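Work through the exercises below with the structure open. Each task is followed by a solution in steps.

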Amino acid sequence: MSVIFEAELKKLRSRFMEMGIDASEQLYQATKAFIDHDNELAKHVLNRDQDINDEEVSLEKRALKVMALQQPLASDFREIISILKASNDVERIGDYTTHIARATVNLNQVHHVPAIEKEISKMTELVRQMLEKVMDAYANNDEQAAYEVANQDLEVDVIYVRQQKAILAGMMANHDRIPAYETYMGVIRNLERAGDHIVNLAEWIIYIASGKLVELNPGKTD
């Protein structure tokens, strides 16, 4: 491996980590804004909507540059392709944080349901833990941690299904609060989908570490 190639591959890894850290920070801010009913913080997240998209484009260009330098070894090629694929999942997580921030602004105009918000708070904490753990797993090439992240997603799904039922029941019982319940439904859906993309990241980490393409949590549907 040439010195130049090694240096560029290191930069690519660093850029991917930065993208993941930025997505984690935006997820933290968006969910905090929602739970705290903080319009200003939500608007800050919305103003940064384009940042992760730009990072994905930059990362793609750097990945192509790395591959153009020389024919990578199989393991290096596997990592480069995995980063390209995984960056799309990170970008989608960024999209969901934007949706949650937008929901914060919308919800401030309608009724609040504290019991549901408490459960959403638990769900957001789990998803944030998953994202932080999966990025640590990438940094440490930790296959086992990637599997653990997938198990956490099953906990997210349990809360999601339970809250779906609670929200639908609330709609039936409180017609005047339907806009609030619709907003809550959108938020839990965004969190559930973010969790699914984090599981995708875990699958790419396992592929980098072992060369095995695995499907974690099979049987789930969108």
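**Exercise 1.** In this predicted model, within what distance do the axes of helix α2 and helix α4 come, and at roughly what angle do they cross? Describe the residues that make the contact.

Solution. Start with the two segments: α2 covers residues 39-47 and α4 covers residues 74-107. Their axes come within 9 Å and cross at roughly 145°. Next, take the handedness: the crossing of α2 and α4 is left-handed. Then list the partners. From α2, the residues N39, A42, V45 and L46 take part; they meet T97, T98, A101, R102, T104 and V105 of α4. Sorted by class, this contact consists of five nonpolar, four polar and one charged residues.

**Exercise 2.** Check the span of helix α1 against its residue count, then inspect the backbone just after α1.

Solution. Helix α1, residues 3-36, has 34 residues. The expected span is 1.5 Å times one less than the number of residues, so α1 should span 50 Å. The C-alpha atoms at the ends of α1 are 49 Å apart, which agrees. Just after α1, H37 has a positive phi of about 55°.

Notes: Residues are numbered from 1 along each chain as its sequence is written. This is a predicted model: local features need pLDDT of at least 70, side-chain atom pairs count only at pLDDT 80 or more; totals for chains, interfaces and linings use all residues. Side-chain values use heavy atoms; hydrogens and water are left out. Axes are lines fitted to C-alpha atoms, for helices over the stretch in contact, and angles run from 0 to 180 degrees between N-to-C directions. Helices (H or I, at least four residues) and strands (E, at least two) are DSSP runs, numbered from the N terminus. A crossing is left-handed if the near helix is turned anticlockwise from the far one by less than a right angle, and right-handed if clockwise. Contact means heavy atoms within 4.5 Å. Ala, Val, Leu, Ile, Met, Phe, Trp, Tyr, Cys and Pro count as nonpolar, Asp, Glu, Lys and Arg as charged, and the others, Gly among them, as polar.
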